[in-house]
Amino acid sequence: MKVNIAYPANGTQKCLEVDDDHKLRPFYEKRMATEMAVDFLGDEWKGYMVKITGGNDKQGFPMKQGVLTNGRVRLLLSKGKCYNPRRKGTRKRKSVRGCIVDNNLSALNLVVIRKGEVEIPGLTDTSLPRVLGPKRASKIRKLFNLSKEDDVRQFVVRKPLPEKNGKKPRTKAPKIQRLTTPIRLQRKRRHRALKEKRIAIRKQLETDYAKLISVRRKQARDERRRSRSRSLRESKSASQ
């Protein structure tokens, strides 16, 4: 079985090929999100704590949290883990494996949550720099501890591009999301003005319609009175 161990603090991961069933047996009957010590993997893992985050069986079907079985089941899935629909609202019946670890898995994913005393070569002794920085304006301010008066565009993490022969080194920066610019404020003011204008037009139309209805009702009342008085005069003349 392959055991993939990730160390998010350094951005590194390591894959171990474990064939000894005695080393794998402590993982059996454990659920996803279970935290456990891995001293049984070797002396260098003493003091390390890991969390089970998932895995795949020998046919490639992934484990799914919340399915309390160690076998494979067919579930009607919507958007989320194990299914990415092409159209919004689509559901599909797919095969997934339960969240309980057993010997039918071919890969098991672990995350280090507590470091031990000894450094693990290739996992905890190296640190990979973060290639992509934050993209949202609020997260850039949080990363560099900026105030609202500081220009966020000056603190974007730029990604270096591969150098070409005889050309200057180039970098690439992401487009900042949720950035408040003068154009954005101008558009916001315009949208607000249009909305207020629509509200004023609607109110004016409502008042005009109410006036028209009152005039029509008055005309109808006057017409009924005239017709009633006319009918009374005609009846009196007929009786005489």
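Visitor: Which residue in S2 is the bridge partner of Val3?
Guide: Leu16 is the partner of Val3 in S2. The S labels mark strands and the H labels helices, both being DSSP runs numbered from the N terminus (strands are E with at least two residues, helices are H or I with at least four). A quick word on the model: it is predicted, with local features needing pLDDT of at least 70 and side-chain atom pairs counting only at pLDDT 80 or more, while totals for chains, interfaces and linings use all residues. Residues are numbered from 1 along each chain as its sequence is written, and side-chain values use heavy atoms, leaving out hydrogens and water.

Visitor: How do you know that S1 and S2 pair?
Guide: Two strands pair if DSSP finds at least two bridges between them. S1 and S2 are joined by six bridges and run antiparallel, so they pass that test. The two also form a hairpin with four residues between them, and Gly11 in the turn has a positive phi of about 75 degrees.

Visitor: And what makes S1 and S7 a pair?
Guide: Five bridges join them, and these strands run parallel. In S7, Asn109 is the bridge partner of Asn4, and Leu110 stands opposite Ile5.

Visitor: Where do S1 and S7 sit in the sheet?
Guide: The sheet is open and has five strands in the order S2-S1-S7-S4-S3, with mixed pairing. 

Visitor: Why are S2 and S3 called edge strands?
Guide: Each of them, S2 (12-17) and S3 (35-37), pairs on one side only. From one strand to the next, the twist averages 35 degrees (axes are lines fitted to C-alpha atoms, for helices over the stretch in contact, and angles run from 0 to 180 degrees between N-to-C directions).

Visitor: Which residues of S1 are on its covered face?
Guide: Val3, Ile5 and Tyr7 are on the covered face, while Lys2, Asn4 and Ala6 are on the uncovered one. In a regular strand the side chains alternate between the two faces of the sheet.

Visitor: What makes a set of residues a nonpolar core?
Guide: The members must be buried Ala, Val, Leu, Ile, Met, Phe, Trp, Tyr or Cys residues, joined through side-chain atoms within 4.5 Å. The largest such core has 27 residues, and Ile5, Phe27, Trp45, Val101, Leu108 and Leu110 touch the most other members. S1 (2-7), S4 and S7 (105-114) are the elements that give two or more residues to this core. S7 gives the most, with four residues. There is also a second, separate core of five residues, including Ala137, Val152, Val156 and Ile176.

Visitor: Why does Asp57 count as buried?
Guide: Buried means under 20% relative accessible area, exposed over 50%, and partly exposed in between (1.4 Å probe, protein chains only). Asp57 has 1% relative accessibility, so it counts as buried. Asp57 is found in S4 (residues 49-57).

Visitor: What makes the approach of Asp57 to Arg72 a polar contact?
Guide: A polar contact is a pair of N or O atoms within 3.5 Å; within protein, one must be able to donate a hydrogen and the other to accept it, and residues adjacent in sequence count only if both atoms are side-chain atoms. The side chains of Asp57 and Arg72 are joined by a polar contact of 3.3 Å. The Asp57 side chain also reaches the backbone nitrogen of Gly60 at 2.9 Å.

Visitor: And why is Pro182 called exposed?
Guide: Its relative accessible area is 66%, so Pro182 counts as exposed. Pro182 lies in H3 (residues 182-239).

Visitor: What makes the pair of Phe144 and Phe155 tilted?
Guide: Their ring centres are 5.6 Å apart and their planes at 45 degrees, so the pair is tilted. Phe144 lies in H2 (residues 137-144) and Phe155 in the loop between H2 and S8 (159-160), so the pair ties together parts that are eleven residues apart in sequence.

Notes:
Phe/Tyr/Trp six-rings, centres within 6.5 Å; stacked < 30°, edge-to-face > 60°.
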